[in-house]
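Subject: Structure handover

Hello,

Here is the structure for your files. My notes come after it.

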Amino acid sequence: MTNENRRLDLAIIGGVLGLFILPWYHIRSGFFAFEWVADFLTNDRHWPGFVQLLSGKWQLLPVLLLLISAAFLRLKRKPGGRGNRLALIGAIGLVWMVVEGMSIGLRGWNWNLLATTFGAVDGQPAFGAGAIFLILSFAGFISFGLAEKGALKGDAIVLSAVTLLILLVVTFVFYPILSMFAGAFQDFRGNFTTEGVARNITDPQIWKLSCLAGGKCGIAWRTLFLAICTAAGSTALGLAFALMVTRTQMPFRKSLRLLSILPIITPPFVIGLALTLMMGRTGFVTESIEAATGLELGRWIYGLPGIWIAQMLSFTPISFLVLVGVVEGISPSLEEASQTMRSGRWRTFRKISLPLMAPGLANAFLIGFIESMADFGNPMVLGGNGGVLSTEIFFAVVGAQSDPSRAAVLATVLLFFTLSAFYAQRVWLGKRNFATVTGKGDGGRHAKLPRRIAIPVGTVVAFWSLFTISVYGLILFGGFVKVWGLDHSVTFDHYITAFAISFENGFAFTGVAWNSFWTTMWIALAAAPLTAAVGILSAWLIVRQDFPGKSAFEFGLMMSFAIPGTVIGISYILAFNLPPLQMTGTALILIFCFVFRNMPVGVRGGVAAMSQLDKNLDEASLTLGANSARTLRKVILPLLRPAIQAALVYSFVRAITSISAVIFLVSAKYNMATAYVVGLVENGEYGVAIAYSSVLIFVMLSVIVGFQLIVGERKLRRTEATQKSPARGKLKEVAA
């Protein structure tokens with residue numbers, strides 16, 4: 001009983017702090033700057049909610065009454081008899097905060113009934129720290145009330161985690177998407193209208209099929225065709241690399257894994273720039289081919305062919321990382337059994353190995369499809385006159401047309417394509433079982449590739465590897481020449497311009513790139529642990545807890561993976577540019593975008609790692625008297641260090657290299673490295689852009705290598721030593 005009262009006391013104290021002490025509305029200079037403390041009494045915008053209520057904002061009266069009701073239950077009711085009422089108070093409080101926040105626009109109440117009930121208002125600023133604290137208090141009332149009712153065995157920790165995550169996912173995933181749909185039906189004054197949707201949804205530039213008659217396709221079909229080609233090509237190349245690494249004795253096989261890392265940590269635009277100088281109108285490859293053959297290649301690289309090559313370079317390594325584990329995971333015993341039944345290596349590969357790769361192939365195709373749909377950097381550089389949905393959305397927001405309705409319609413089309421691919425993958429895989437790894441030992445060896453596959457696959461892999469190395473060599477070369485493609489005199493001016501340091505009047509960072517570099521680093525470092533924490537906590541709830549609606553909860557968590565970054569960016573602009581949650585131009589909107597954009601990777605990694613941990617570990621801890629939080633902190637998390645570090649590395653790298661969402665959310669004060677590179681490219685400062693990108697690649701590669709040295713390799717297959725000494729082998733496996 002003491003624990004229940006202590007938890008409720010904390011929730012009530014948080015509510016009192018939010019309503020009576022902290023500023024109710026958003027502080028323009030930033031809450032943590034604490035400039036609001038000096039003029040707390042003189043500036044009515046800085047007043048807490050209770051003082052706002054006394055000044056005539058009667059819409060805050062319900063939250064005061066609900067908080068008083070919760071305090072009354074604490075004093076007059078015992079924990080066993082107040083659970084239902086406490087949860088109801090929290091639910092009503094959350095609903096009212098949403099209604100009150102969404103019902104007051106810039107010019108007053110949107111609904112006449114509320115205007116009549118609470119009186120006229122001039123509008124309201126966005127919610128501040130006080131309102132956020134009270135929202136969290138209402139969420140606590142729901143969790144603690146359900147715990148007192150006995151839900152989920154009365155575990156308040158689990159209920160609080162579920163409630164908090166649902167609140168966060170609804171706020172930062174579903175609310176922006178709904179705002180995007182609503183924005184399509186609003187004019188520039190916020191009035192409801194269908195004119196913009198009707199005009200844009202029937203726009204021939206989006207849907208025309210004149211390409212069937214040799215003309216130019218609409219944006220939607222052009223983007224869809226490009227995404228299918230990129231997904232198919234990157235999946236095929238990724239499979240080829242995975243087969244060469246795992247099923248052949250190809251020299252330099254381990255070097256292929258390094259090639260798989262480089263495109264992931266490469267900032268946008270860099271590959272596109274390299275391809276331009278290699279195969280553009282005056283590129284050295286183009287000129288060499290024209291001189292040798294006499295053909296006039298022209299500007300062929302600008303358009304879908306160039307975008308497709310750049311996307312293949314960018315996304316093939318991701319497909320390789322997905323497929324190499326799948327290929328390695330196929331049980332050698334199945335292939336040996338097929339060959340024992342007198343099947344040749346070609347038939348074994350075609351009938352046994354390849355069908356068992358179906359989940360990996362489907363996931364690799366889906367990732368390539370979504371990444372192509374969301375790609376912004378490569379189409380921006382190589383698109384020419386043939387744009388795709390991601391670039392058209394950008395120009396609809398920041399271009400001269402400034403048409404939010406068009407941007408919302410295009411983003412909806414993009415979202416429809418990606419969710420359709422997501423659904424098609426689920427239907428194709430269905431409920432078929434592809435499991436090949438069981439609890440039994442498997443000491444066999446994988447069958448080697450048949451010659452009819454090994455020779456062409458090896459040729460393709462060798463050619464593509466040399467092409468990738470050439471592109472990255474050209475990128476490295478571009479940072480040390482005066483004018484890339486024209487004057488190849490060696491110089492360090494680009495690095496000095498970007499990262500100069502002065503000692504004349506004291507130590508100072510005088511390079512033009514330092515501001516965005518430090519901003520990028522601290523935002524990425526702030527987002528990475530939050531991303532890992534949300535992902536691992538979500539995985540713990542999915543694997544270890546049973547509660548109603550868990551499937552819907554998991555789908556909501558993974559929803560942001562199926563949403564392209566371009567859609568995320570435009571939806572965040574539409575959702576958080578106006579009250580009740582106004583974060584545009586702040587660091588918070590970037591951090592939250594990175595957290596919920598990259599969270600699904602932490603979720604899936606945590607689920608995979610936690611599924612290998614015996615549930616008896618949790619039960620033993622709980623039996624000895626530890627609660628769920630202590631069990632998670634002392635037992636589960638130490639065993640999940642590799643998954644946690646993988647989530648940290650991925651979220652850190654993606655926060656630095658992301659562009660499709662970031663391009664909409666940066667501001668003059670918080671300018672990320674990728675957006676800064678965009679400005680350099682637009683101004684023609686290619687050398688500085690390449691130098692900046694090279695430094696970013698070096699920093700990210702150093703972080704990845706450092707984490708790999710800390711984590712080490714995990715050995716799951718038996719070695720000769722383990723086969724001779726099972727006990728010793730078991731100890732080695734546990735240590736790994």
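This is a predicted model: local features need pLDDT of at least 70, side-chain atom pairs count only at pLDDT 80 or more; totals for chains, interfaces and linings use all residues.

Numbering runs from 1 along each chain as its sequence is written, and side-chain values use heavy atoms, with hydrogens and water left out.

Confidence: pLDDT is the predictor's confidence in each residue, from 0 to 100. The protein chain has a mean of 81, with 87% of its residues at 70 or more. Helix α6 (residues 129-149) is highest at 94, and helix α34 (residues 726-735) is lowest at a mean of 38. Helices are DSSP runs (H or I, at least four residues), numbered from the N terminus.

Salt bridges: the whole structure holds five. The criterion is a side-chain nitrogen of Lys or Arg within 4 Å of a carboxyl oxygen of Asp or Glu. One of them joins Asp9 and Arg74, with closest N and O atoms 2.6 Å apart. Asp9 sits in helix α1 and Arg74 in helix α3, so this pair links parts 65 residues apart in sequence.

Another pairs Arg406 with Asp203 (2.8 Å, N to O). Arg406 is buried at 6% relative accessible area. Asp203 is buried too, at 15%. Buried means under 20%, exposed over 50%, partly exposed in between (1.4 Å probe, protein chains only).

Which residues are buried along with Arg82? Glu148 is, and the two side chains form a salt bridge (3.1 Å, N to O).

Best regards

How values were computed. Helices (H or I, at least four residues) and strands (E, at least two) are DSSP runs, numbered from the N terminus.
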